Amino acid sequence: MKQRISQKIKELRKKRGLTQKDLAEGICTQAMVSNFEKGEMIPSSLTLFAIAQRLGVDMNYFFDISNSTSTSIKATDAQQIIRKLVHQHDYQSAYFIVQNELLQEALLAPEYRQFLLWHKGICLWFLHKELDTAIQTLEHALQIDNERNVEQTAAIMNSIAVVYFEAKLYDQSLEYYEKCLPLLKEDTAISYIIKIRTYFGASRTYQHAKKFNEALYLSKQGIQLCIENETLHLLGNLLFQTGHCLISIEDTTNAAIYLDHAQTIFTLENKFDYLKIIENLKENYLN
């Protein structure tokens, strides 16, 4: 994808008789255009959109959608970009790409259409905190028949639960976690990352619902998965979550151990907000 975009920018810029400075003006720096054309950087969706306008083409021009094979490649590329943007919390750019892709909604494969609606719902929530619209969009995604990709179905359920959790609607959040958790046991093909995220989110929600034993069980399940798969993904959060649950059931000895482990991970990750919270918990409950 990177090489294809770089070649097309360079070819079209030269065809239009523009210098790198001309193309960059009002969009980015000349050095960035140079890096785009060398394939050393990928422009963000908004930058690519501006470049496409300057060059007089639709943004889809850079993704080769002239035949069925290239459409498949384009869908894969777009998914990678959308995931990356959401991971970086650049919901505006992710939303732009999603909306652009959904212009051809009737022609999309069900799995890809589901993916786009899922991420549209996520963006609507984080950009505008539109609970009803976000949930309706996510539930619409969930209703699409996609038996081949149970992992994506589980991930959408997790996203719905997270949105309800952030809206402080814990009963609704638990309803979706309780639908999602059995899928993790039934389908062995679901990735450990999805499982870890779900265990953490469900544990957090059970704790807010004051169901501490359930919360503790799930956070420990998440920790075990991290250890088995040698990943730090959410490990600090899960250790912290376990320590917090243990405080809630007044097991301060073990709580201190888990919080110390969480403190080590958060120090490595430079998560200073969590470190302050741990210090406050220790001061208020463990001294």
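The protein has 15 helices and zero strands. Please keep in mind that this is a predicted model. Along its principal axes, the C-alpha trace spans about 70 × 40 × 35 Å. The protein has 287 residues, and buried residues make up 47% of them. If we take contacts between residues at least 6 apart in sequence, 56% join residues at least 24 apart.

Here is a friendly tour, topic by topic.

**The largest pocket**

- The volume of the largest pocket is about 1,300 Å³.
- Its lining is made up of 31 residues, and the closest to the pocket centre are V86, H87, N158, R197 and H233.
- Four helices each supply at least two residues of this lining: α5 (68–87), α7 (110–128), α9 (150–166) and α11 (192–208).
- Which helix gives the largest share of the lining? That is α9, with eight residues.
- Sorted by class, the lining holds 14 nonpolar, twelve polar and five charged residues.

**H119 on α7**

- H119 sits in helix α7, one of the helices that supply at least two residues of the pocket lining.
- Is H119 buried or exposed? Its relative accessibility is 4%, so H119 counts as buried.
- Not counting residues up to four places away in sequence, H119 touches I82, R83, V86 and V98.
- A polar atom of the H119 side chain lies 3.0 Å from the backbone oxygen of F115.

- N149 is found in the loop between α8 (131–143) and α9.
- With a relative accessible area of 16%, N149 is buried, because the cut-off for that label is under 20%.
- The side chain of N149 has a polar atom 2.9 Å from the backbone nitrogen of Q152.

**N237 and Q241 on α13**

- Helix α13 covers residues 235–248, and N237 lies in it; Q241 has its place in helix α13 too.
- N237 counts as buried at 7% relative accessibility, and Q241 is buried with a relative accessible area of 4%.
- Leaving aside neighbours within four places in sequence, N237 is in contact with F200, F266, K271 and Y274.
- With neighbours within four places again left out, the contacts of Q241 are F200, S203, R204, Q207, A215 and S219.

**Cysteines**

- How many disulfides does the structure hold? The count is zero.
- C123 is in no disulfide, and the nearest cysteine sulfur, that of C180, is 20 Å away. C123 counts as buried, at 0% relative accessibility.

**Positive phi in loops**

- Most residues other than glycine have a negative phi.
- K168, a residue other than glycine, has a positive phi near 65°. Its place is in the loop between α9 and α10 (170–186).
- K168 counts as exposed, since its relative accessibility is 60% and the label applies over 50%.
- N270 also has a positive phi, near 55°, and is a residue other than glycine. N270 is placed in the loop between α14 (252–268) and α15 (272–286).

Notes:
Residues numbered from 1 in each chain as written. Predicted model: local features only at pLDDT ≥ 70, side-chain atom pairs only at ≥ 80, totals over all residues. Heavy atoms only, no water. 1 Å grid on protein atoms, 1.4 Å probe; cavity = no way out; pocket = protein on both sides within 12 Å on 5 of 7 lines; lining within 4 Å. Points joined across faces, edges and corners; volume = space filled by probe spheres on them. Nonpolar A, V, L, I, M, F, W, Y, C, P; charged D, E, K, R; others polar. Buried < 20%, exposed > 50% of the residue type's maximum accessible area, 1.4 Å probe, protein only. Polar contact = N/O pair within 3.5 Å; in protein donor to acceptor, adjacent residues only side chain to side chain. Disulfide = S-S within 2.5 Å. Contact = heavy atoms within 4.5 Å.
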